[in-house]
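Morning, everyone. I'll keep this short. Have a look at the model on the screen, and then we'll walk through it.

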Amino acid sequence: RHYFIQSNLSSHVRCPLSTMTADMRAMLDELMGRDRNLSLVEKEKAMEHWSDPGVCKYHLVKFCPHDLFTNTRADLGPCKYQTHDVKIRETYRTSQRWKTMGYETKFLRFLEGIVDDMERKIKKQHERLEHDERYMRAEQEKADEERNSRLEELNKEIDEMLEKMAEAGSVGNVDEAQEMMAQVETMRQERESIKSAKVEEPARKVFLVKQNVPFINEMKHMEVCPICGAFLVVNDTQTRVDAHLSGKQHVGYALIRDAIKELRVSAHKHILQCFKICVIKSMLKVFQVFQLLKFLFLFY
């Protein structure tokens, strides 16, 4: 009975230990991989092949786009393929099937789709800025018309008041003339304040907020980044410019655009090479046929 109780207690103690061991094993698998205890030869044998379905084919070509914009507005989400191994990419590039599986073409099409979406966004951003400029010009013209109209009214009122003041002074009505003079001074001060007042861009901040356009200062002009489509302040400080150029979205889209150019050049060279090979093979076949006809002609 004592032995039964002791064994029963030991089984209860052993359960949490086994759970902790499994957790630790899972953590080590995640950090160091499941093949952490294998030798180099065993690791090479156990390593996945580049054609396996779990290997990211975009990473084989150059890089995985899903890793470029993590935790940003342009996040593409997690990659559906689990394996992104540099060694597997090296084995693919050194194999005889390199650039013959169509991975490069699929990768190029995927990147072109990302850039096409960005180009549409850039076009919309330019349309927003153009709409903003048209709105501001219309509001500015309206404000200028109201300002000029008020100045004309003040000039007319001042001239009329001066004439009345002169008439009152000629008949000896000094008190009335002094009251008119005070009114004239008030109107002159208003006129000078209107002339010297800085014309502000009316309702710009409210307009930008309604249009969901990011802004730093309503008096600063904006432009659109041709790479990532972000709004930039014209003639901004170098610190802000450097921060933008080193940002994750700008760097990611610049990397994608450079990769597209490189892949297009590589594809063009590959097509030319294939064309040359086809031409050479065709010429060889023609030469062989010519030699055969020559032999038949001499033989007969």
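In H6, the buried residues are Ala177, Met180, Val184, Met187, Arg191 and Ile194. Remember, this is a predicted model. Look at the spacing in that list. An α-helix has 3.6 residues a turn, so residues three or four places apart point the same way. What covers this buried set? H5 is part of the cover.

Now the geometry of that helix. H6 runs over residues 174-196, which is 23 residues. From first C-alpha to last, H6 reaches 33 Å. The expected figure at 1.5 Å a residue is 33 Å, and the helix comes close to it.

Step back to the whole chain. The protein chain has 9 helices and 2 strands. The order along the sequence is α-α-α-α-α-α-α-β-β-α-α. How much of the chain is buried? Of its 300 residues, 23% are. The chain exposes about 22500 Å², with 57% of that supplied by carbon and sulfur atoms. On contacts, take pairs at least 6 apart in sequence: 66% of those join residues at least 24 apart.

Next, the cores. In soluble globular proteins, nonpolar side chains tend to be buried together. Here, the largest nonpolar core has 34 residues. Which members touch the most others? Leu60, Phe63, Phe107, Leu111, Tyr253 and Ile256. Several elements give two or more residues each. They are helices H3 (57-61), H4 (86-93), H5 (103-170) and H9 (248-299), plus strands E1 (222-224) and E2 (231-233). H5 gives the most, with 9 residues.

Zoom in on Leu111. Setting aside neighbours within four places in sequence, Leu111 is in contact with Phe63, Pro65, Ile256, Ala259, Ile260 and Leu263. There is also a second, separate core, of 11 residues. Its members include Met165, Ala177, Met180 and Met187.

Last stop, His59. His59 sits in helix H3. Buried or exposed? Its relative accessibility is 11%, so His59 counts as buried. The cut-off for buried is under 20%. And its partners? Not counting residues up to four places away in sequence, His59 touches Cys64, His84, Asp85, Val86 and Arg89.

That's the tour. Over to you for questions.

Conventions: Residues numbered from 1 in each chain as written. Predicted model: local features only at pLDDT ≥ 70, side-chain atom pairs only at ≥ 80, totals over all residues. Heavy atoms only, no water. Core = buried A, V, L, I, M, F, W, Y, C linked by side-chain atoms within 4.5 Å. Buried < 20%, exposed > 50% of the residue type's maximum accessible area, 1.4 Å probe, protein only. Helix = DSSP H or I, 4+ residues; strand = E, 2+ residues; numbered from the N terminus. Contact = heavy atoms within 4.5 Å. Expected span 1.5 Å × (residues − 1). Areas by Shrake-Rupley, 256 points an atom, 1.4 Å probe, with all protein chains shown as cover.
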